[in-house]
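Here's a quick tour of a protein model, written for someone just starting out. Have a look at the picture first, then read on.

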Amino acid sequence: MELYSGHINRLIEELASLPGIGGKSAQRLAFYLINLPKDRVKRLADSIVDARENVHYCKICYTLTDEDICPICSKKDRNHRMIMVVENARDLAAYEKTGKYDGVYHVLHGAISPMLGIGPGDIRLAELIKRLETEEVDEVIIATNSSLEGETTAMYISKLIKPTGIKVTRIASGVPVGGDLEYIDEVTLLRALEGRTEL
Ligand code: ZN
């Protein structure tokens, strides 16, 4: 039996398919949305389509950007010989907010997780290795989360890079286990960065 109209059901289904949104939240959002003024709904819908169509990956570091090359990679006065490897663009934003890191980044877009079936080929790891082969790099700082997946990824990357002779460091633990970097305050992030150790 259809409880609601087909249109609403479709909306609920779409919303429920988003990460972190369960069936109940999806229903609540759907009813909220259909009660909004039409122009607001259109603005929201347009912003989604717009972002999807115009945001792409930086050709160098793979963060999300409106340009071919992101503002960080384009900046001459950043240290392009130091690359910090992060899991996602939100982690990059967290480090940028500290204003104390002047190197560049590499965004993996995930972490290796045998349990979830995510292997090295599913994240932007080959792209990192290619960068190391074509750019002059002094240090790679692995700043993946201190979760099991983050640690697995860090170990994997360090084993890959070690033979090249490039210095590989890992941010200090002290970052709470399983804690997403984006929720950690700036002081803790800086301490983790400054206390990094060579792998
Ligand atoms: Zn970039």
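How many Å separate the centres of domain 1 and domain 2, taken over C-alpha atoms? The answer is 33 Å. Domain 1 covers 6-54 and domain 2 covers 64-198, with bounds that come from an automatic or database domain assignment.

Keep in mind that this is a predicted model, where local features need pLDDT of at least 70, side-chain atom pairs count only at pLDDT 80 or more, and totals for chains, interfaces and linings use all residues. Residues are numbered from 1 along each chain as its sequence is written, and side-chain values use heavy atoms, leaving out hydrogens and water.

- For reference, the ideal angle for four tetrahedral donors is 109.5 degrees.
- C70 and C73 are both buried (under 20% relative accessible area; exposed is over 50%, partly exposed is in between, with a 1.4 Å probe and protein chains only).

**The sheet**
- Five strands make an open, mixed sheet in the order β4-β3-β5-β6-β7; strands are DSSP runs of E with at least two residues, and helices are runs of H or I with at least four, numbered from the N terminus.
- At the edges sit β4 (103-107) and β7 (197-198), each pairing on one side only; two strands pair if DSSP finds at least two bridges between them.
- Strands β3 (residues 79-86) and β5 (residues 139-142) run parallel and are joined by four bridges.
- M82 has E139 in β5 as its bridge partner.

**Two residues with a positive phi**
- Most residues other than glycine have a negative phi.
- Y62 isn't a glycine, yet its phi is positive, about 70°.
- Y62 lies in the loop between β1 (56-57) and β2 (64-65), and is buried because its relative accessible area is 16%.
- H109, also not a glycine, has a positive phi of about 60°.
- H109 is partly exposed, with a relative accessible area of 27%, and lies in the loop between β4 and α6 (125-134).
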